[in-house]
Amino acid sequence: MNSPICDFARRYAREAPLRLHMPGHKGRPRLGCEALDITEIPGADVLYHARGIIRESEENASALFGSARTLYSTEGSSLCIRAMLQLARQYALLSGKKPLVAAGRNAHRVFLEGAALLDLPIRWLGCGEALLSSAPVTAELEALFAAEEKPTAVYLTSPDYLGNELDLTPVAALCHAHGALLLVDNAHGAYLKFLAPSRHPLDRGADLCCDSAHKTLPALTGCAYLHLAKGCPAALLNMAEQAMALFASTSPSYLLLQSLDALNPLLAGDYPARIREGKAKARLAAAGWQTCGTEALKLTLLPKARGYTGEALSDLLTEAGMVPEFADPDQLVLMLTPETEGLEQLTDFLLRLPARAPISDAPPKREAAEAVLTPREALLAPFETLPTAQCLGRVLASPCVSCPPAVPIAVCGERLNAAALALFSYYGITELNVVLGKNDGLHKN
């Protein structure tokens with residue numbers, strides 16, 4: 001399989017013309033990659049009007065993933081999520097229906113912000129006590145599809161940040177039986193296509209799906225895909241580039257495009273054979289370490305059973321020269337790929353750590369909250385920033401959670417109750433943005 005974007009950039013660098021175009025470094029080395037860092041010059045194609053080398057490379061990726069169309073993103077899955085929501089909105093309007101998205105409550109904050117920008121109504125699924133994971137949602141969806149106002153799209157995150165995978169096949173069947181699209185945030189699962197058998201959402205019935213190539217494949221940070229399934233409505237295939245362009249920069253990174261392009265021959269070769277679940281999880285479980293999740297390339301430890309918080313264990317690993325992906329009081333997330341070296345070192349280090357008395361405290365329980373404003377109204381309203389302890393009864397203006405894991409504790413527009421404030425405090429969030437003025441839901445005209 002060829003790599004036309006890489007070939008073009010290398011040839012341009014080798015020919016060394018006088019660069020009278022962006023970027024300003026003119027190909028002169030500062031970091032070492034500048035000669036390959038180009039812009040949309042003649043012959044380089046245009047990312048969201050791709051008819052040349054970018055389109056050729058995207059078609060290579062589409063063949064690998066088995067999609068009807070795959071588009072590149074140099075702005076991560078965040079861009080793809082916004083585009084999926086725009087396509088879901090257009091699909092509803094084309095079907096003569098009012099747009100309505102049913103979504104797992106553990107969605108990334110980009111979903112919430114994208115829905116707010118597009119003024120998409122949301123019905124939340126899986127609103128239980130767990131913050132980062134979603135329980136099976138089939139029964140909830142059946143009830144929603146039985147209602148008068150039915151979802152026109154369903155949005156789920158699988159795998160979630162901790163490595164839990166949802167059974168998407170029955171969800172897809174239910175969606176399609178009711179004429180709804182299934183959208184999947186598969187940011188952490190690009191590699192799932194290359195397992196045997198595939199566990200990728202496209203092969204489990206998703207209509208639209210985003211993958212962050214940079215999370216689990218050997219690509220530069222910011223590389224991602226938007227996939228449209230072969231059964232996706234044809235009209236959406238024609239609208240996909242415009243949906244991406246609506247939210248995207250007009251200056252895409254050609255270094256990232258080359259990184260995506262270079263993946264295609266790698267994935268068409270022997271790389272998939274190198275993707276397999278390692279022995280680290282089994283060795284640690286046999287020694288008494290608790291883990292969670294079914295995802296092959298993610299090792300999520302629940303270290304409180306061994307007497308460590310996730311944050312304390314992260315500090316110990318970092319001091320030993322091993323840097324985790326994420327830690328909070330309850331979990332430690334480690335991301336592994338075939339490029340990972342030193343797994344024996346990691347496993348041996350953890351096995352040498354002495355077990356301590358178990359830590360029994362748990363996160364505060366989440367409780368249902370009153371929606372005072374829509375997410376759009378809240379996100380676009382004037383706001384003030386207050387200490388978390390002073391926000392009881394106020395209306396949340398923005399998610400106020402960092403990435404990772406970027407899963408909102410409360411939804412913009414909800415009145416903050418004591419349970420929400422306890423969760424914010426538990427996760428170390430000391431300040432919140434709350435709606436200011438008459439729109440805060442407390443003042444009456």
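1. Leu373 counts as buried because its relative accessibility is 17%, where buried means under 20% relative accessible area, exposed over 50% and partly exposed in between, computed with a 1.4 Å probe on protein chains only. Leu373 is placed in the loop between H13 and helix H14 (375-380); helices (H or I, at least four residues) and strands (E, at least two) are DSSP runs, numbered from the N terminus. Between the C-alpha atoms of Leu373 and Leu396, which are 23 residues apart along the chain, the separation is 9.2 Å.

2. On the basis for these values: this is a predicted model, in which local features need pLDDT of at least 70 and side-chain atom pairs count only at pLDDT 80 or more, while totals for chains, interfaces and linings use all residues. Residues are numbered from 1 along each chain as its sequence is written, and side-chain values use heavy atoms, with hydrogens and water left out.

3. Ser73 belongs to strand E1 (residues 69-73) and counts as buried because its relative accessibility is 0%. The Ser73 side chain reaches two backbone atoms, namely the nitrogen of Glu75 at 3.0 Å and the oxygen of Gly76 at 2.8 Å. If neighbours within four places in sequence are left aside, the residues in contact with Ser73 (heavy atoms within 4.5 Å) include Tyr48, Leu79, Cys80, Met244 and Leu260, and Gly222, Cys223 and Ala224 also belong to that list.

4. How many salt bridges does a search of the whole structure find? The search finds 18, a salt bridge being a side-chain nitrogen of Lys or Arg within 4 Å of a carboxyl oxygen of Asp or Glu. In one of them, the side chains of Arg105 and Glu414 meet at 3.2 Å, N to O. This pair links distant parts of the chain, 309 residues apart, with Arg105 in the loop between strand E2 (101-104) and helix H4 (109-118) and Glu414 in the loop between strand E12 (383-387) and helix H15 (418-426). Arg105 counts as buried at 10% relative accessibility, and Glu414 is buried with a relative accessible area of 9%.

5. A further salt bridge joins Asp348 and Arg283, whose closest N and O atoms are 3.4 Å apart. This pair, too, links distant parts of the chain, since Asp348 lies in helix H13 (residues 343-352) and Arg283 in helix H11 (residues 280-286), 65 residues apart. Asp348 counts as partly exposed at 30% relative accessibility, and Arg283 is partly exposed with a relative accessible area of 32%.

6. Arg394 and Glu384 also form a salt bridge, with their closest N and O atoms 2.9 Å apart. Because Arg394 lies in the loop between E12 and H15 and Glu384 in strand E12, the pair ties together parts that are 10 residues apart in sequence. Arg394 counts as buried at 13% relative accessibility, whereas Glu384 counts as partly exposed at 25%. Elsewhere, a network of salt bridges links Arg51, Glu58, Arg69 and Glu241.

7. The largest nonpolar core has 83 residues, a nonpolar core being a set of buried Ala, Val, Leu, Ile, Met, Phe, Trp, Tyr and Cys residues joined through side-chain atoms within 4.5 Å. Helix H3 (residues 76-94) gives the largest share of this core, nine residues. Phe111, Tyr155, Leu183, Tyr225, Leu226 and Leu228 are those with the most contacts inside the core. Beyond its neighbours within four places in sequence, Leu183 is in contact with residues including Met84, Leu85, Ala88, Tyr155 and Leu208. A second, separate core of 23 residues includes Cys292, Leu386, Val407 and Leu416.

8. In strand E9 (residues 298-301), Lys298 and Thr300 point one way and Leu299 and Leu301 the other way, and all are buried. In a regular strand the side chains alternate between the two faces of the sheet. E9 pairs in the antiparallel sense with strand E8 (residues 291-292) over two bridges (two strands pair if DSSP finds at least two bridges between them), and Thr291 stands opposite Leu301. E8 and E9 form a hairpin with five residues between them, and Gly293 in the turn has a positive phi of about 95°. E9 also pairs in the antiparallel sense with strand E11 (residues 332-335), over four bridges, and there Met335 is the bridge partner of Lys298.

Conventions. Polar contact = N/O pair within 3.5 Å; in protein donor to acceptor, adjacent residues only side chain to side chain.
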